[in-house]
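User: Please examine the structure below and answer some questions on it.

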Amino acid sequence: MSYLRLALCVVGVYSMFLLWAISQERLSVPFKSLDGQSSDKFRSAVFLGTCQSALSSLSALIYIVIRRKSGETFSQTLGLETEARTAPHPHNGNGKAVANGSAKPARSQRSALLLRFLQCSVFITTAAPFGFAALSFITYPAMVLGKSCKLVPVMLMNVVLYRRKFAPHKYLVVLMVTAGITIFMGFGSEQPKKGSGGAKDLTPYASLIGGAYLLINLVLDGATNSTQDEIFSRYKVSGQQMMFWINLFCTLLSVSLSVLPLPYIPVIHPTSGGHSELADAIAFIRTHPSVLMPLGQFALTGALGQLFIFETLQHFGSLTLVTITLTRKLFTMLLSVVVYKHQLTLGQWVGAGVVFAGISVEAFVKRKDVHAKRVVQEKEKAKIKNL
């Protein structure tokens, strides 16, 4: 049964996120208007995030309700009546816990947990427009490779926000990943496709601007992941419960932003000032109906893909998940090259190889550590039986 579940998780992650990647790249290129006279890019990144987070929250809610245990209250099902774990020592890099000496009241714990979920949602809602804006200045393969470097900002944010320390090999991984992405960006010559309003994309500093946007996106992603690690270390919540609350807060935040008549704000609200993003997004859909298919595909596959991610994490652990997501990103880049006919130079292939080699070192060391722990556990079990 476990092998069947693992196979389903792998197929689910691959199929959903490969389709998600195709739709995301499609949303970054121009769409023809109804009259066929012009083509424009869909620039409502907040509206895009609203669609995905709403479906993700709904799918997580359906999942945890279906898996609900008999006799469990709805509050328990949603993870609001959770016990706090022993607080980890801020300077302890191996994740071992020490007693915190006090127990918070249940209501205080619930408020603290919801605030952590809200913190993740703020990071995600802010990060998404920068990732979407980066695609106006860099190609999708460069975007995928950059997103593969998430280990760097995750480590940085863990050190800055929660004062954690890491093993020496992780710094080697960071060095390899940084060198690889630098090589990839330095040897690239392909430019992203332009829309009728994309004159600014022709600037010779496009790669630097796109790289800066991607860096901001990665730093915010790192802050999100480090906060999620902190939540899992302090509270007994499931991945699906976290998925529900974070996406619910993301939906509320993005809806609030999309209905406000914001002025022109680069990246966050790049459409014309004085109009709400929701109104601009609806107007764009009316004049460019071909955007509906990739928009729906993006939201649906992203929501279902998250369920497979958390299912894998819950039943098979982070090592298996790292292996799956690593190979998935590699195939995502290859699929993008094939489907959208990107031209990569030899130097870019070398850079990509260095990046994935660095990430593979991380996966190899994790596998070795897990194997060593299992050997120790088996020896301890054998000693107990002999006694």
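The questions below concern cysteines, helices and one histidine in this predicted model.

User: How many disulfides does a search of the whole structure find?

Analyst: A disulfide requires two cysteine sulfur atoms within 2.5 Å. For cysteine 250, the nearest cysteine sulfur is that of cysteine 120, 8.6 Å away, and cysteine 250 is in no disulfide. Over the whole structure, the number of disulfides found is zero.

User: Is cysteine 250 buried or exposed?

Analyst: The limit for a buried residue is a relative accessible area under 20%. Cysteine 250 has 5%, so cysteine 250 is buried.

User: What distance does helix H1 reach from its first C-alpha to its last?

Analyst: Helix H1 covers residues 2–27, which amounts to 26 residues. At 1.5 Å a residue, the expected span is 38 Å. The model comes close to this, and the reach of H1 is 37 Å.

User: Are helices H5 and H8 roughly parallel or roughly antiparallel to each other?

Analyst: The axes of H5 (residues 140–147) and H8 (residues 206–234) come within 10 Å, with a right-handed crossing. In this pair, Ala142, Met143, Gly146 and Lys147 of H5 meet Leu214, Asn217, Leu218 and Asp221 of H8. The axes cross at roughly 30°. Angles under 35 degrees count as roughly parallel, and therefore H5 and H8 are roughly parallel.

User: Which residues is histidine 288 in contact with, leaving aside its neighbours within four places in sequence?

Analyst: Histidine 288 lies in the loop that runs between helix H10 (277–287) and helix H11 (292–339). Its relative accessible area is 5%, so histidine 288 is buried. With the neighbours within four places in sequence left aside, the contacts of histidine 288 are Phe31, Lys32, Ser33 and Asp40.

Note on methods
Residues numbered from 1 in each chain as written. Predicted model: local features only at pLDDT ≥ 70, side-chain atom pairs only at ≥ 80, totals over all residues. Heavy atoms only, no water. Buried < 20%, exposed > 50% of the residue type's maximum accessible area, 1.4 Å probe, protein only. Helix = DSSP H or I, 4+ residues; strand = E, 2+ residues; numbered from the N terminus. Expected span 1.5 Å × (residues − 1). Contact = heavy atoms within 4.5 Å. Axes fitted to C-alpha atoms, helices over the stretch in contact; angles between N-to-C directions. Parallel < 35°, antiparallel > 145°, perpendicular 65-115°, else oblique. Left-handed = near helix turned anticlockwise from the far one by under 90°.
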